[in-house]
Amino acid sequence: MIETTRRAVLAGMVALPLVPGVALGETVGGITRLDPALDAMIDPASPIEVIATGYQWAEGPVWVRQGGYLLFSDVPANIAYRWKAGEGARPFLDPSGLAGPIPAGVREAGSNGMAIDARGDLLMADSGTRAIARVNLATRRKTIVSGAFEGRKFNSCNDLAIGRGGIIYFTDPPYGLAEGDASPLKQLDFNGVYRVNPDGTGLHVIERRLKRPNGIAVSPGLDRLYVSQSDPEEARIFSCALAADGSAKGVLAPFVDFAAEVARKLPGLPDGMKVARSGHLFASGPGGIHVIAPDGRKLGLIATGKAAANCCFGEDGRTLFVTSSDMVAKVRLKMAGW
């Protein structure tokens with residue numbers, strides 16, 4: 001049985017007016033204020049500007065401070081793009097993920113979530129290669145950090161975050177496989193959340209009970225882990241404390257619930273997220289990017305009119321870049337994300 005693709009699920013959950021096709025520089029969507037605390041973070045009147053468009057599924061945005069540019073993935077197209085103000089978006093890694101012939105059972109061959117580590121290398125959740133990889137931005141040479149658990153290949157690594165000492169936390173749902181959990185390529189009998197040292201040693205499973213672990217982030221104090229689940233039957237963000245050695249203290253527990261938004265059929269599901277230095281989460285979910293207080297209160301919603309996949313802070317830290325379906329947009333904040 002062919003599993004419904006993530007993009008089909010996201011596209012089918014439509015209650016907001018959709019933006020069928022937009023041009024560069026156009027403004028889309030809008031910002032909804034749910035709590036007065038949002039006012040210190042963003043002006044609800046701020047325009048959401050489209051800066052790149054025409055992709056199959058834009059994902060994994062990361063701002064490269066040394067160079068002043070944005071990288072993002074078009075996962076099905078297997079290309080990572082570089083965007084810079086005044087230059088627009090151009091291919092940066094092609095292929096970004098699996099090189100060579102793409103097996104019929106691989107649905108999303110490209111890179112997905114990305115991050116920049118302490119030494120300036122690009123870390124990526126390589127969905128097609130089914131691995132966590134490191135890329136030297138100067139040479140664009142890729143090396144594999146981790147590609148298997150107990151001798152069995154990962155499903156299709158989806159997103160990652162960097163914690164204390166460079167520890168890499170990542171999720172491994174089966175979205176990159178054409179038949180999902182039923183894929184003959186799937187070697188693991190669970191969809192895990194992991195941590196691994198930056199040199200590839202010390203691989204540990206943090207959680208194996210979530211059906212669809214997806215986005216992942218670490219608090220500014222490096223003492224809390226957040227994991228989103230893109231399962232419409234349990235659309236939530238989970239959280240747990242992290243010990244000084246980077247290990248999880250206890251199990252992941254529900255932190256934010258999106259059942260009401262799913263019931264309203266807002267476009268999208270919990271996916272990628274980032275945590276501002278204030279501790280506020282900017283998390284994709286039904287309707288767009290949700291601004292969430294450190295205590296879990298929903299403060300506001302940044303909506304493009306399409307499903308939001310992920311976001312990141314960039315430029316001077318006060319710009320939020322949003323990958324949303326076939327486009328990338330940006331909106332200015334009142335506060336710096338980093």
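My notes on ring contacts follow.

I'm working from a predicted model, where local features need pLDDT of at least 70, side-chain atom pairs count only at pLDDT 80 or more, and totals for chains, interfaces and linings use all residues. I number residues from 1 along each chain as its sequence is written, and side-chain values use heavy atoms, with hydrogens and water left out.

Entry: ring pairs. I searched the whole structure and got 14 aromatic pairs. For Phe, Tyr and Trp (its six-membered ring), a pair needs centres within 6.5 Å; planes under 30 degrees apart are stacked, over 60 edge-to-face, the rest tilted. I looked up Phe149 with Phe190: edge-to-face, 6.1 Å between centres and 85° between planes. Phe149 lies in strand S11 (residues 148–149) and Phe190 in the loop between strand S14 (168–172) and strand S15 (192–196), so this pair ties together parts 41 residues apart in sequence. Strands here are DSSP runs (E, at least two residues), numbered from the N terminus.

Phe190 also pairs with Tyr194, tilted this time, at 6.2 Å centre to centre and 40° between planes. I then noted that ring pairs link Phe149, Phe154, Phe170, Phe190 and Tyr194 into a cluster.

Entry: Is Phe190 buried or exposed? Phe190 is buried, at 6% relative accessible area, where buried means under 20% (1.4 Å probe, protein chains only). Tyr194 is buried too, at 0%, and Phe149 is buried as well.

Entry: charges over rings. I counted CZ of Arg within 6 Å of the ring centre and within 35 degrees of the ring normal. Arg82 has its charged end over the ring of Tyr69, 4.4 Å from the centre. Arg212 does this over Tyr175, at 5.8 Å.

Conventions. Helix = DSSP H or I, 4+ residues; strand = E, 2+ residues; numbered from the N terminus. Buried < 20%, exposed > 50% of the residue type's maximum accessible area, 1.4 Å probe, protein only.
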